[in-house]
Amino acid sequence: MSFGPRWTVRVGAMLVIAGPLLMGLRWRSLRDAGAPSLWHVRWEAHVSPHPGPRLLKLRLPSAGLRRLELDHPRFPGTVREGVLELRLPAGKGGGIRCAFDLEAPPEAPSVSCEGGPAPVVRAAARRGAAASGSGGVLDLTRLPADTRRTVGLLLILPIGALLTALFRNVVGIRTFGVFTPSLLALSFVYGDWRAGLVVLALVLLAGFAGRGVLERLKLMVVPRLAVVLTLIVMCFVLCLSVLEGSRLSTGVDGILLPMVILALMVERAFIITEEDGGRIMLRLLAGTLALAAGCVPLMRWEGLGEWLVAFPEIHLVTLGFLLWIGRYSGYRLTELWRFHGGRA
Amino acid sequence: MSLRDWLAWSPPAELRRRGILGLNARNLRYLSRVNPRRLHPRADDKLLTKAVARERGIPVPETYAVLERQGDAASLDGRLAGRPEFVLKPARGSEGRGVVVVERHDGRRFETPSGEGLSLDDLRDHVSATLSGTYSLSGLPDRVIVEERLRRHPAFDPLVSGGTPDVRVVVYRGVAVMGMVRLPTRASRGRANLHQGAVAAGIDLATGRTLGGVWFGRPVTAHPDTGTPVAGHEVPGWERALLAALDLAEGLGLGYVGIDTMPDPERGPVVLEANARPGLAIQIANGCGLVPRLERVDAARPESLKGGERLRLSRELSRIG
């Protein structure tokens with residue numbers, strides 16, 4: 001059984017209309033309920049190593065504080081009467097990170113360090129969507145801040161898939177694997193993308209070179225893939241270690257490349273180079289990177305993630321667009337060049 | 001060719017006017033309608049295609065051996081004994097990947113037509129890699145076919161410098177709608193695959209004569225290696241190739257299929273493989289679009305036509321586009 005093309009297009013249109021409609025209704029009911037919009041705040045205080053022991057103190061806002069999350073990676077900290085305290089032993093540096101939601105705009109953080117130089121403080125605050133007072137399952141804003149970040153990232157993935165469908169079926173550019181580009185883009189969301197790009201290039205080169213050597217060893221497919229995966233992981237970890245040590249870049253810990261996908265990509269790239277030549281392989285690689293580059297700004301756009309967390313029903317629109325693309329039987333953009341001229 | 005030529009494009013209305021079939025339309029309007037997925041394996045798996053062809057008495061390359069297990073790679077030399085030349089082919093390979101042609105050998109050194117020498121170990125490794133799925137469509141374990149090597153038909157000698165040209169006929173609902181000869185070049189390393197650099201020449205369905213050609217997606221008039229004009233050559237055994245294609249398409253049960261054959265001076269067209277998703281570059285090689293021909297076939301209700309009438313309709317189509 002199959003639905004005719006017209007039917008599919010109509011269902012798509014219904015979804016595209018239904019998404020914003022539902023969102024509008026919820027938005028209104030939230031506004032009418034007088035729900036305040038929350039501020040998402042992140043503070044980071046850090047002190048460098050010092051000969052003596054120190055006590056780092058960070059005063060938290062007293063009114064309207066919600067969902068406090070602490071992260072003090074190396075040393076134990078405590079919260080006492082609205083003050084976050086961290087004891088640093090002699091000779092060590094360290095810091096506290098905390099994330100919380102506030103009902104009012106945050107003030108500048110008040111921080112002190114007893115027994116040492118003043119700490120470096122980074123503060124970031126962002127206004128989120130309105131929070132509903134009573135949370136249903138559909139209300140994702142009630143989730144803890146870190147979970148919300150993950151959920152936001154997951155919710156952006158379908159948009160990457162939409163972009164992929166558009167790129168392949170409407171523009172007509174081929175890539176390595178269907179979702180490789182969006183997964184690559186996803187790995188650039190956290191951390192420094194320039195460092196990420198360098199690491200990606202090195203990892204791919206190492207994988208490709210390793211695959212070339214493996215060709216002589218004549219292994220069967222699965223062990224061979226596993227060797228490439230191991231090489232890629234080791235190269236990646238080494239890169240992280242080097243970058244961390246050299247202090248060239250911050251936030252390297254955020255780069256988490258999809259290793260398994262990369263191993264498969266190296267394998268396919270190698271076979272295509274051997275059988276069809278480097279030209280075709282490079283064309284596929286360029287397509288893959290172009291699409292990934294297109295997905296990166298989308299995925300790094302935190303506002304979009306927040307919106308999707310607040311209104312996941314936006315994805316009805318995504319589904320509608322996907323139905324339309326799935327039924328698009330017109331020419332792909334690249335075919336306008338491909339079929340130009342001919343022997344007419 | 002200048003940059004301007006490479007950048008030249010046609011607006012969609014122009015392509016529609018020429019009746020060009022795009023990939024999306026091929027998949028949505030034709031493949032999904034007339035190629036049931038359960039029948040795809042018959043085209044994807046060359047052993048199944050061969051079985052169907054043999055049932056109908058259509059010549060196929062003689063199968064020397066089918067290698068299925070890793071252990072078979074070890075006994076390879078025994079199976080090749082008494083075969084001076086042969087081809088190794090993945091059963092479920094695509095676009096010619098993983099095919100090795102051996103022109104002569106002494107049991108230790110195996111020579112390919114391009115002059116490359118392989119050891120028995122190299123061949124064993126290749127078989128082993130193919131069995132574990134290196135070249136198969138889905139990356140799943142595959143089988144290796146050891147089969148007869150077909151020689152180039154002498155009629156093609158003046159046209160190409162090396163390799164063996166093959167003839168592709170696209171059959172839609174039992175009617176041949178378009179054909180082309182694929183001519184290997186030095187750039188394609190003797191292979192008859194367009195994206196690897198073979199030249200495609202369209203065929204006039206009524207006369208079996210070649211039309212102009214296309215190379216790397218752009219029109220050419222002469223073969224890049226030999227300089228011989230591509231147009232105006234008689235395709236040897238054209239009529240029989242057409243009949244074999246119609247016959248095999250019926251046997252496969254696929255409504256939109258590309259049938260590749262190689263002309264043989266004694267046996268006539270020998271079927272190499274069938275493709276359930278034939279490419280669209282054939283339109284550039286023929287200088288016309290597929291859509292008007294496909295629509296003409298749809299209008300004729302071809303399922304009610306007899307063999308002779310289908311052949312006549314196929315010939316008529318050469319006047320469309």
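Mentor: The side chain of B:Glu85 makes a polar contact with the side chain of B:Arg149, at 2.9 Å. A polar contact is a pair of N or O atoms within 3.5 Å; within protein, one must be able to donate a hydrogen and the other to accept it, and residues adjacent in sequence count only if both atoms are side-chain atoms. This is a predicted model, in which local features need pLDDT of at least 70 and side-chain atom pairs count only at pLDDT 80 or more, while totals for chains, interfaces and linings use all residues. Residues are numbered from 1 along each chain as its sequence is written, chains are lettered from A and ligands numbered from 1 in the order in which they are written, and side-chain values use heavy atoms, with hydrogens and water left out.

Trainee: Is B:Glu85 buried or exposed?

Mentor: B:Glu85 counts as buried because its relative accessibility is 16%, where buried means under 20% relative accessible area, exposed over 50% and partly exposed in between (1.4 Å probe, protein chains only).

Trainee: Now the interface: how many residues of chain A are in contact with chain B?

Mentor: There, 29 residues of chain A are in contact with 47 residues of chain B, contact being heavy atoms within 4.5 Å.

Trainee: And how many residue pairs are in polar contact across the interface of chain A and chain B?

Mentor: The rule finds 15 such residue pairs, both residues at pLDDT 80 or more.
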